[in-house]
Amino acid sequence: MAQEQFGWIDFYTELATKLLGFKADRSLLIRKLQQVYSNIEMKLPKLESGDELIDIDPFTVFGLFNKGITNENRTLIAKGMADEFGVKADVPSDYAGIPVLNNLKATFYFFKDDRGNHDIDNLWEVFDAALKLAENDTAEKRQTFSNSYDIVRGQLGIRWNITMALYWVRPYSFLNLDSRNRQFIMNPENMPADFVADMKGKLNKVPTAAEYLEIRDACAAVLQSGKYEYRSFPELSYHAWVVSEKDNQENGHTAGKSRRESAGAALADEGVDQVHYWLYAPGHGAERWEEMYQNGIAALGWGDIGDVLAYTGKDEIRKKMKEIYGGSSSYRNSAHAVWQFAREMKAGDIIFAKKGKTEIVGRGVVESDYTYDESLSDHYYHLRKIKWTHKGNWSLDDKQLAMKTLTDITPYEDVVSKLKALFEDEAQEEEEEAQIIYKPYSPEEFLREVFMSEDQYQMLVSLVRGKKNVILQGAPGVGKTFVAKRLAYSMMGEKDTERVEMVQFHQSYSYEDFIEGFRPTTAGSFELKKGAFYKFCKRAEIDSDNEYFFIIDEINRGNLSKIFGELFMLIENDKRDIELQLLYSGEKFAVPGNVYLIGMMNTADRSLAMLDYALRRRFAFVEIRPGFDTDGFREYRMSLDNDKFNRLIACVESLNRVIADDESLGEGFCIGHSYFCNFTLDELDEQRLTAIVEFELIPLLKEYWFDEPMKIKDWSEKLRGAIR
């Protein structure tokens with residue numbers, strides 16, 4: 001293999017050695033980094049919650065030029081470091097195969113208010129121990145490394161990135177275990193079958209030090225055998241990168257991404273732990289239920305297809321099933337089931353074991369990631385560990401359960417409510433003891449993700465807490481949904497989805513949907529059912545020490561007087577906790593003081609009537625404007641460093657000035673920044689930009705200026721010209 005592909009190694013290892021000298025004087029290291037960025041005329045990225053950088057670890061220093069920025073900028077930063085730290089090795093220009101961090105998670109520590117007192121010290125210890133172990137692999141140095149690694153492994157901000165960092169600083173001694181490498185080495189086409197079988201249970205979570213060294217040593221032995229083209233960790237990482245890039249080009253950039261993850265990105269829920277509910281058939285007629293219950297597992301058949309994580313999509317699995325099992329079946333449902341079982345089910349989800357269409361035989365909580373275990377019987381090799389909390393027989397005579405082996409029933413609220421009610425009394429005590437730990441989310445993280453100034457954020461928080469009811473209004477594409485959910489998480493301090501609920505109003509949405517009403521049953525009668533807001537308020541009522549956020553999308557599309565009914569008065573900030581009799585049930589009901597309402601509306605929607613005045617005076621209205629001029633968006637543009645993208649943004653900013661000055665439109669019709677967000681360097685090409693212009697922006701202009709065709713033509717050509 002051509003050695004120019006690994007010209008970066010000498011530079012990385014020498015820089016690591018230089019950084020070790022700053023372990024006892026990090027203030028000097030910080031001053032040098034500030035000088036590096038001053039010399040290269042770039043802005044030092046935000047590495048701390050305040051204005052002053054108070055401490056830093058060596059892995060985060062490497063992360064400054066090993067994240068999603070252009071190769072030109074990576075080289076520029078590396079050159080600046082070489083000059084400032086006296087690195088003699090050649091500065092690299094080719095970074096193929098080197099793992100990179102997500103731009104939004106480019107530090108190895110949380111900001112000062114969220115991290116432990118010694119988190120950065122601990123990172124220096126594992127860095128020091130790693131360099132010494134790479135120099136001389138002795139039992140004593142392994143133990144020192146293991147002790148420091150295991151401490152760091154438990155810190156906030158540490159995941160698989162710790163293996164990437166070890167690889168950066170000593171690439172011949174430490175194995176990179178980013179997602180590309182993990183997928184590559186777990187494919188029997190790339191590594192021996194016995195290696196894959198031995199390692200699969202160790203790669204379901206970030207390994208302990210003992211597990212990591214075992215994986216590293218086993219992998220090194222395979223590479224040194226000479227049976228493969230790649231014979232070192234850098235060569236392995238490069239091959240994994242090549243294969244991954246090829247897969248991305250052939251299957252699209254979302255290949256391997258679960259529906260759950262994709263949907264999360266679309267609704268601002270990416271990275272949020274949400275409990276899902278699953279129906280699971282333990283064999284035909286629940287014939288394997290006793291085995292599953294006794295062993296504390298849930299398993300699926302179709303074991304001959306191998307490890308599901310080795311597949312990039314459901315269609316690959318379906319084709320493999322067809323090849324192995326034959327017959328006339330399309331295998332779409334089967335492929336979907338194993339894909340969801342491996343890729344979408346998460347630890348903490350609730351699983352209900354079923355028998356036939358109307359009988360539940362057990363309830364449990366998912367405890368582990370997916371594993372592939374050929375030691376199980378009858379080819380039931382796809383496995384998850386389950387804490388089965390209930391076993392028995394519960395009948396749902398009025399419900400027909402899905403016949404599929406595995407079904408995500410989370411969207412079917414009536415089914416979930418019915419199943420939860422079966423176990424509510426018995427499970428209450430146990431569930432209260434098992435507290436769910438949610439990911440922390442700080443105002444600083446909000447400001448990194450949302451293109452808004454700190455003053456605007458503080459004003460928004462103050463309005464929500466004071467008024468209790470706020471409507472975010474703005475043009476299409478300013479990210480109102482993203483702002484609403486992230487605002488709720490930042491005010492709670494964690495990504496607790498149980499305390500945030502979102503509905504969308506429309507012309508048919510009613511009081512019966514929102515509060516309560518009579519609904520037909522399968523038996524032909526009617527029963528009183530509670531609506532979304534009623535049930536949310538009842539959850540908040542018993543948890544009065546915590547804040548709850550009810551988000552209403554398209555709030556101006558519904559018949560608001562009809563939907564809110566008698567709640568017009570109860571939602572006022574000074575009327576909270578005052579009881580009023582509900583229309584149908586006659587029940588006394590109050591809106592708890594810890595419930596906040598966040599509505600959203602498009603100011604550019606001309607088809608809608610004005611908001612009811614009675615509702616308008618109960619809400620504060622906040623304009624969410626395009627964030628092109630914010631520090632966050634400028635930093636995002638700089639990270640992409642794409643001339644066509646920059647020209648298009650400049651053109652849109654000019655267009656927005658024209659729209660704002662148009663007497664028939666105004667600022668509420670300006671084009672938002674979210675049309676242009678969440679691109680990676682690989683995704684940003686002329687084809688994607690053209691699609692935005694042709695199929696999103698120009699149709700919007702045709703709606704705005706339907707009676708001014710020359711203006712549409714003029715600005716359409718300007719937008720097209722910006723990306724030519």
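Tutor: Let's start with Tyr584, which is in the loop between β13 (580-581) and β14 (588-589). Keep in mind that this is a predicted model.

Student: Why is Tyr584 called partly exposed?

Tutor: Its relative accessible area is 34%. Buried means under 20% and exposed means over 50%, so Tyr584 with its 34% counts as partly exposed.

Student: And what makes up the nonpolar surface patch that includes Tyr584?

Tutor: Phe518, Phe526, Leu528, Leu583 and Tyr584 make it, over about 510 Å².

Student: On to the rings. Why is the pair of Phe6 and Tyr238 called edge-to-face?

Tutor: The ring centres lie 6.1 Å apart and the planes are at 75°. Pairing needs centres within 6.5 Å, and edge-to-face needs planes over 60 degrees apart, so Phe6 and Tyr238 qualify on both counts.

Student: What does that pair tie together?

Tutor: Phe6 is in the segment before α1 (8-20) and Tyr238 is in helix α11 (residues 233-251), so parts 232 residues apart in sequence are tied together. Both residues are buried.

Student: What makes Tyr636 and Phe645 edge-to-face?

Tutor: Their planes are 90° apart, with 6.1 Å centre to centre.

Student: How do you know that the charged end of Lys530 sits over the ring of Tyr534?

Tutor: Lys530 is 4.5 Å from the ring centre of Tyr534.

Note on methods: Residues are numbered from 1 along each chain as its sequence is written. This is a predicted model: local features need pLDDT of at least 70, side-chain atom pairs count only at pLDDT 80 or more; totals for chains, interfaces and linings use all residues. Side-chain values use heavy atoms; hydrogens and water are left out. Patches are made of residues with over 30% relative accessible area and no salt bridge: like charges are joined within 9 Å, nonpolar side chains (Val, Leu, Ile, Met, Phe, Trp, Tyr) within 5 Å. Accessible areas come from the Shrake-Rupley method with a 1.4 Å probe; for residues, only the protein chains shown count as cover. A salt bridge is a side-chain nitrogen of Lys or Arg within 4 Å of a carboxyl oxygen of Asp or Glu. Helices (H or I, at least four residues) and strands (E, at least two) are DSSP runs, numbered from the N terminus. Buried means under 20% relative accessible area, exposed over 50%, partly exposed in between (1.4 Å probe, protein chains only). Rings of Phe, Tyr and Trp (its six-membered ring) pair if their centres lie within 6.5 Å; planes under 30 degrees apart count as stacked, over 60 as edge-to-face and the rest as tilted. A charge sits over a ring if NZ of Lys or CZ of Arg is within 6 Å of the ring centre and within 35 degrees of the ring normal.
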